[in-house]
Amino acid sequence: MAAGTIRYWAAAKAAAGTAEEPYAAETLAEALDAARERHPGELVRVLRRCSFLVDGDPVGKRGHETVRLAEGGTVEVLPPFAGG
């Protein structure tokens with residue numbers, strides 16, 4: 001099992017109540033399932049709209065169960081945002 005850090009941004013940070021926390025998971029799906037268990041409620045709804053970076057690489061439309069996490073890695077949770 002890999003250990004690393006999940007970083008929450010904007011609405012995800014507010015919903016989780018923290019800017020970051022550790023993960024212990026083999027895949028992105030496992031890490032997100034654990035985050036949902038730790039933060040039931042608003043974070044569950046926010047995660048449905050988020051995009052994700054794993055070690056700086058966009059996950060895109062890949063199935064989260066296929067995205068392997070590395071030891072010491074970082075998952076960035078990015079809610080949709082507007083900008084100009």
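A polar contact is a pair of N or O atoms within 3.5 Å, of which, within protein, one must be able to donate a hydrogen and the other to accept it. The legends below refer to a predicted model.

**View 1. Glu-21 and its polar partner Arg-38.** The side chain of Glu-21, a residue of strand β2, makes a polar contact with the side chain of Arg-38 at 2.9 Å. Because its relative accessibility is 11%, under the 20% limit, Glu-21 counts as buried. Leaving out residues up to four places away in sequence, Glu-21 touches Gly-4, Thr-5, Ile-6, Tyr-8, Ala-35, Arg-38 and His-39.

**View 2. The largest nonpolar core.** This core holds 22 residues, of which Tyr-8, Tyr-23, Leu-28, Phe-52, Leu-69, Val-75 and Val-77 touch the most other members. At least two core residues are supplied by each of β1 (2-8), α1 (11-16), β2 (20-25), α2 (28-38), α3 (42-47), β3 (51-54) and β5 (74-78), and the largest share, 4 residues, comes from α2.

**View 3. The surroundings of Leu-28.** When neighbours within four places in sequence are set aside, Leu-28 is in contact with Phe-52, Val-54, Val-59, His-64, Val-67, Leu-69 and Val-75. Among these partners, Phe-52, Leu-69 and Val-75 are, like Leu-28, listed with the core residues that touch the most other members.

**View 4. Val-44 in helix α3.** With a relative accessibility of 22%, Val-44 counts as partly exposed, and, residues up to four places away in sequence not being counted, Val-44 touches Arg-36 and His-39. The C-alpha atoms of Val-44 and Leu-69, which lie 25 residues apart along the chain, are separated by 21 Å.

Notes: Residues numbered from 1 in each chain as written. Predicted model: local features only at pLDDT ≥ 70, side-chain atom pairs only at ≥ 80, totals over all residues. Heavy atoms only, no water. Core = buried A, V, L, I, M, F, W, Y, C linked by side-chain atoms within 4.5 Å. Buried < 20%, exposed > 50% of the residue type's maximum accessible area, 1.4 Å probe, protein only. Contact = heavy atoms within 4.5 Å.
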